[in-house]
Amino acid sequence: MSQGDKDALTMRALGLLNEQVQARIVHYKGDMETSPELDAITAQVVAQLKEMQAALGQSGAATEPAPAIEAKQIATLTQLLRRVCADGDHGNLITQNLKPIGRRVAKLFFESELHEKTKGDKDKVIHHAEQGVYYVLQRYKNRIRTELEGFEYVSPEMKDMTLELLAKTERDLQVAFLSRRSPELNRVMTIFTTVLVEFFQKFLPTRLEQMAKVTIRSARTAYQPNSVSYKIQPDRFQAFREEWERLLMQQMVNFCGDELVDKLGQTDGEVREETIKFFTDPHVYSETCEVTCDALYDFLCLEGFLDLPVDWRVKISRDST
C-alpha cells in the first residue's frame, strides 16, 4: 500500500471503530422507577462522594500546577504502557487477546467469502463447486422458496419438511464451501497474529513515551479544575480515548500492512489475491483495535490511572468458543 492508501485505511478504520463504540454505549435512564428510601440513601452517598471529589480536586489543584500534573500523568502512562507491551510474561496485552481477535477476524472473513460480489462489486472467481452452487442458490433463494410455498402438499408437516430441506441444502453448501477456505485462513491468521505480536512487543515500545505525551497533551487531562497527577478523570476519558486510538490505529496500519504483505510473499502456501485484499479491509483493524483497547482501558482502570465513566458502555456478550 502507498502512504495515501494507509492514511485512507486508517481514517476508515477509525470511523468504523467509533461507530462500534457508539453502538455499544448505554446511558442509564433517569426516569426509571426506584424505591424512595433507596433514592434518598443514594442521593446522600452521591452528595458525599462529590464533596470528597471536590475537596481532593481542590487540594490537588492548589498544590500542583497543570504542567507538573501533565508530566506525572505522561510518566505514569508511559510506564503502564511499557508493562503491557513488554516481551514476556508481563507483556500480555496482545497475547491474551489473540483468540478474541482471531474469532472476530475469522467471522469477518467468512462473511466476506459468502458474498457473491467483491468489494469492487465484481463477481468472484469460482474456485470450488460448492461455492458456485451456493452463490446461485443465494441469488434465487427467495424465488425458490416462494414457488415451494405455492405447491399443494399432503400435509402441513410435508410443507415444513420441504422448506427445511431447502434451508438444510443452503447450510450444507455453506459449511462445505467455508471448510475449503479454512486452511488458507488459518495460514494467513498465523502470520497475522505473528505480525500483531511483533507490532506490540517490538515496534511499539520505542514509541510509547511519545504516544503517551501526545495523548495526554491533546486530551488536556491536566488542565481541568478537577485534574490530579495520579489519574485521568472520567470527564476526560472520551478525549483520551479518541487521541490514543487515533495514534494506535495509525501506527498499526503503517506497520502491520507492510509487514503482513512481506510475510505473505515469503510463505510456501498459495494465498489468493482476494485474501490479501481482505487483510487491508478497515474492519480488520477496527476490530483488532477495539479488542486491544478494551483490554488496555480495563488494565489502566484496575491500576487506578484511568477512571472509566459509569455510563461508558455495556459490553456485548460474544461467543467464547
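1. A starting convention for this note: a residue is called buried under 20% relative accessible area, exposed over 50%, and partly exposed in between. Please keep in mind as you read that the model is predicted.

2. Let's begin with R217, which sits in helix α8 (residues 208-219). Its relative accessibility is 46%, so R217 counts as partly exposed. Leaving aside residues up to four places away in sequence, R217 touches E70 and I74. With E70 there is a side-chain polar contact of 3.4 Å. As for I74, its C-alpha atom is separated from that of R217 by 8.6 Å, although the two residues are 143 residues apart along the chain.

3. On to charge pairs: the whole structure holds 20 salt bridges. One of them joins R104 and E287, with the closest N and O atoms 2.6 Å apart. R104 belongs to helix α5 (residues 98-113) and E287 to helix α11 (residues 282-302), so this pair ties together parts that are 183 residues apart in sequence. R104 is buried, at 12% relative accessible area, and E287 is buried too, at 14%.

4. A salt bridge within one helix is also worth a look. E184 and R181 pair up with their closest N and O atoms 2.3 Å apart. Both residues lie in helix α7 (residues 156-203), and because they are 3 residues apart, about one helical turn separates them. E184 counts as buried at 5% relative accessibility, and R181 counts as buried at 1%.

5. E198 counts as buried at 19% relative accessibility, while K263 is partly exposed at 22%. Elsewhere, salt bridges that share partners join R104, E287 and E290 into one network.

6. Now the cysteines. How many disulfides are there? The count comes to 0. For C289, the closest cysteine sulfur is that of C293, 3.7 Å away; this is too far for a bond, because a disulfide needs sulfur atoms within 2.5 Å. C289 is buried, with a relative accessible area of 0%, and C256 is likewise buried at 0%.

7. Finally, the surface: V136, Y140 and I144 form a nonpolar patch with about 240 Å² of accessible area together. V136 is placed in helix α6 (residues 129-150) and is partly exposed, with a relative accessible area of 44%.

Terms used. Residues numbered from 1 in each chain as written. Predicted model: local features only at pLDDT ≥ 70, side-chain atom pairs only at ≥ 80, totals over all residues. Heavy atoms only, no water. Patch = residues over 30% accessible without salt bridge, like charges linked within 9 Å, V, L, I, M, F, W, Y side chains within 5 Å. Areas by Shrake-Rupley, 256 points an atom, 1.4 Å probe, with all protein chains shown as cover. Salt bridge = Lys/Arg side-chain N within 4 Å of Asp/Glu carboxyl O. Helix = DSSP H or I, 4+ residues; strand = E, 2+ residues; numbered from the N terminus. Buried < 20%, exposed > 50% of the residue type's maximum accessible area, 1.4 Å probe, protein only. Contact = heavy atoms within 4.5 Å. Polar contact = N/O pair within 3.5 Å; in protein donor to acceptor, adjacent residues only side chain to side chain.
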